[in-house]
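Student: I would like to learn how to read contacts in a model. Where do we begin?

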Amino acid sequence: MHPSSFEYFAPTKMEEALELLSKYGEDAKIMSGGQSLIPLLKLRIASFPYVIDISGVQGLNRITENKEFLEIGALTTISSIADSELIKKRYQILHEAAGQIADPLIRNRGTIGGNISHGDPSNDIPAVAIALKANLEVIGKEGKRIVEAHSFVTDSFTNVLKVGEILNKIRIPVAPDNSGGCYIKQKKSAGDFSVAAIAVQLSLHDNDSVKSAGIGLTSVAPKPTRAMKAERFLEGKKINDSVVREAAKIVVSESDPSTDFYGSSEFKRKVLGKIAEEAINLSFERATVR
Amino acid sequence: MSTIKIRTKVNGKDVEAEVEPRTLLVHFLREELNLTGTHVGCDTSNCGACTVLIDGQAVKSCTVLAAQANGKEITTIEGLSRNGELHPLQKAFLEKHGLQCGYCTSGMILTSFWLLKKNKDPSEEEIRKNLSGNLCRCTGYQSIVESVKYAAQLMNEKEVEREMAVR
Amino acid sequence: MSELKWGDRELAYDSSAFVRGSGHYVDDIKLPGMIHMSVLRSPYARARILSLKGGMSSKDLGARMASVGEGASPEAGLSIEPVFATGFVNYVGEPVAAVFADDRYKSTDLLESIEVDYEPLEPVVTIDDALKLGPIHSGRKDNIMVETSKGTDFQDPESPIVIEDTLENDRISANPIEPRGIVTSYTDGMLNVWISTQAVHSVKEGLVESLGISPESVRVMQTDTGGGFGSKGGLYPEYVMASYASMKFGKPVKWIETRREHLASTNPGRGVRGKVKIFAERNGRINGLKGEVTIDAGAYDSGIASFSPGFVAMQMTGPYSIEKAFVVARALFTNKVPQGPYRGAGRPEASFFIERMMDMLADELAMDPADLRLLNMSDKPFVSPMGLKIDAARPFFEGAVRELEYRRESKMSRGVGLSFFVLVPAVYPGESARIIVKDGKVSVWLGGNSHGQGHEIFVKKLINEELQVPEELVTLYRGDTGMTKTGVGTWGSRSAIVAGAAIVAVCKKIKQEVEKEFGSYSVRSLLSSGYDEFINNELKMPLNSFGANLATVEIEKMGRVRVKKCAAYYDVGRALNRDMVIGQIQGGMAQGIGQTLHEGLFYNKEGQLITSSISDAGVPLAEDLPNFIVNIVENRSFLPHGAKGLGEAPTVGVPTALTRAIESVSGKRLRRTPVTPEELMK
């Protein structure tokens, strides 16, 4: 298929990008890897008079860690995240999610910023960002602001960005010792989006009770969802079978899946319940490996 | 209708062109440069028949704007053989029958090329996983997996030969 | 040939070109002045067209489609598809209008300039709708397109065991990786057509009939064809439009299908329901079979839809000697894209019905499914009450049980599925071939066209055997109606049989010519002179063969099935090239797994197609599939070159074996494909 016409800009500096954005306002669309946007343009599901390709903006494709945060530039490709030794070693949940996104060729171009900003409830990174309690640094002409991951995507394909703003960085609090997490994605067959997926990150007190829990859900609601009640339920508790079962039930109660091509809402709830149990158990196991 | 100017290197040759911003890379390669070995099989970034290398990375050229190739190096299937000699992957796909209708072949070979650069001796599972962005409807993939394995062997043998020659 | 500068080498089948990226597919064609066509399609399953402004439409071209190609039926006539929707639209994706521009971006832009007003009508979406609701076509009393029966009705025997069930295969899109496409060019009274096809002659006949032009004024030439699997065997509306447009505008016209168009508008296969009743003794011996076959034929009679019911019914006793059988079969109109052939085309459906019933009967009697099957086979050739002719089945299938290590497998694990089948290739009415010997080289054309099967390999081998010509001097060219007067096509597991036989026959003719000229035959004499022989080699007798499959599976968490073992044991006749045979079988087995686990076309209640990508349609990935175990048995056929059919064997045998394997592990009775994780998790 073939996109409608648009004007194209490829700024190399953030200031230029922001200038263009403020000039064209709602008529402009930011593109990074283009792996979600270009298919929409091709099918003419969406069209924009101006496309601002920020993939050439310098300095936004780095993965760094300081004392407080793991910082990932919005233009970092999914495959660089999947291949990063640092992330593999210390942020297994993110490593796991990145390696399961679409296919290797799409991962080579798709970016973490795009995966989050696009707002597709089936995209995987938002749930992981929620579970990791990430801060999303947003940049605009007036400066930077921080948005918590769970409030970034506001509805299907809609996010918190105001006209003129761009997602700049993903900042993930450094994982303390005694913490662990995982991403479990249930698919019908290898090439599909998920039927349901869950990101769980736990950190534990010395006595192995849960100090903090982060739980994000993919594909089971109109937007990526934080299972906040389940998080609160787990906090302070020791992990055992009945706690896990109860937590999974709460997770399911926080979902709102629709019946579609991938299965009925009932089926999706069932799948979510099972992977929730599995994910909490696995996260706990990982958090207790010292 | 506005156009923009792009400069790229395609299969080692410098290319300068005026393109409409909406032109997809695959159409630029096929229509403007007559590199018709890169194919279009779907509209939804699933099939990988359009796979090319951009700066060495395997990507789907139906999901890249020609404009985005500005300043980059592109390799298509036509750029794989050297002085008329087939690349080991091309030889292996022929010898092990890693193709039937031929339509997915360019994409399969280029993804495998990228894979073998990262991993000189991939397991069967790694090959199958890395080909998950490339669809074949004819072969059932078994002969493709065998072709990639065989190519890895040919390439490793070649490398050993080269090392021996240097010594 | 109006400016297409493809030389001899470019017109030959040559798979080495594909690894270099130098194939010659239809979208690779560029002609001076060529324009691109885009097609506006119906967004409704059923609606009245109140007004239509812009583009080329039925006002310009009121033609109807011709029934040609696989399963073509001269009776198809009343409800045959118009080239452009006329007054009404009857499926999502039905062509309404066409637009033309310099390139495909601009022609896509132009689609937005067409204005259509529709009045939506209540659609008939499912088989049940079709039986319940009024007719979709005015002038008909119901939605029954065709009704027929096979066998003779009989009074229910007083059998102690009677089992009855309803089974179904969902529709499947063929999804070759190359979509359909055509280039047409009309110059000096000649319509030249280049096309991705399984059958240049079907396309030609179709254009001649639909456009009402003379056969002498059309030449259809095949380009490299990136798979077909049944979907590229006949005529489609776009071919008529593009031909008409090039005649009208005096410019070459190109149309290339998008994948979404393929899913919505290219004839899919399957979509068949079977209700089967089996009467049996307590010892397992089957006394009789009664059945009803219902085909979800879609909105128009594409030809095969009226052929399919009888074809499915005829095969419903499988390889078993069931003395009494009677099947009523019908095709129903629904507001969906017309059904067409997909690899197997009626064979897998019939096999699914009988094999599922055999497994159910085995369960009912607590018998081993293999023993039950063998018990119902004969040591002698058998002709079923519905006219299916088979050889002595039992000896072959005893061999299958042994070679597939069924006894060992079923001891080792619970999840073993076994299937037996008889493959009925589309031998009728034979095939054509032409050989030209000139300048020491042998050039060959076939009436039916390779689209990935590697016909050139067996052609070279057979010519070498018949005429002792070294293989490197033989070239097989792509299909071209300018080079063969008549021809049929590549489908229905037929090519090695019919094209092979045609090659042998034309070689014999040439040999006689050489003998006439030189007194005796030698390859040197042959190559020193010139010959041009064409033969339309009729073959009309059945040439059925047996096959068996074994599958084992594991059900992973949440209903995901992992295929552990997928094995075949097929009688392929004489394997003309072992590698090609095995390649065909592996590819077919992948499609069999696809049908069972992943593939389907899903419509909602409004008749909207929910499946929106090749991934949604479930085409399997490398990761989804195991390595295959292929055992071939080479029992030569009665033909001089010994070949039998094989291309569709795996799509017949795999779904049944695999479904049984899943059933055994899950303990859930399975009645339809695809088998979904949701169903297994219930």
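Tutor: With the contact itself. Two residues are in contact if their C-beta atoms, placed from the backbone, lie within 7 Å. Keep in mind that this is a predicted model.

Student: How many residues of chain C are in contact with chain A?

Tutor: On chain C, 20 residues are in contact with 16 residues of chain A. Two elements of chain C give two or more residues to that side: α3 (104-111) and α18 (677-681). The largest share, 4 residues, comes from α3(C).

Student: What is that side of chain C like by class?

Tutor: It has 8 nonpolar, 5 polar and 7 charged residues.

Student: Now the helices. At what angle do the axes of α16 and α17 of chain C cross?

Tutor: Roughly 45°, and the axes come within 8 Å. Angles under 35 degrees count as roughly parallel, and 65 to 115 as roughly perpendicular. So α16(C) is oblique to α17(C). Their crossing is right-handed.

Student: Which residues meet there?

Tutor: From α16(C), they include Ile585(C), Gly588(C) and Met589(C). Among those in α17(C) are Val654(C), Pro655(C) and Leu658(C). By class, this contact has 8 nonpolar, 8 polar and no charged residues.

Student: And within chain A, how far apart are the C-alpha centres of domain 2 and domain 3?

Tutor: They lie 19 Å apart. The domain assignment places domain 2 of chain A at 63-173 and domain 3 at 179-288. In chain A, 20 residues of domain 2 are in contact with 23 residues of domain 3. On the domain 2 side, α8(A) gives the largest share, 5 residues.

Key:
Residues numbered from 1 in each chain as written. Chains lettered and ligands numbered in written order. Predicted model: local features only at pLDDT ≥ 70, side-chain atom pairs only at ≥ 80, totals over all residues. Axes fitted to C-alpha atoms, helices over the stretch in contact; angles between N-to-C directions. Parallel < 35°, antiparallel > 145°, perpendicular 65-115°, else oblique. Left-handed = near helix turned anticlockwise from the far one by under 90°. Nonpolar A, V, L, I, M, F, W, Y, C, P; charged D, E, K, R; others polar. Domains from an automatic or database assignment.
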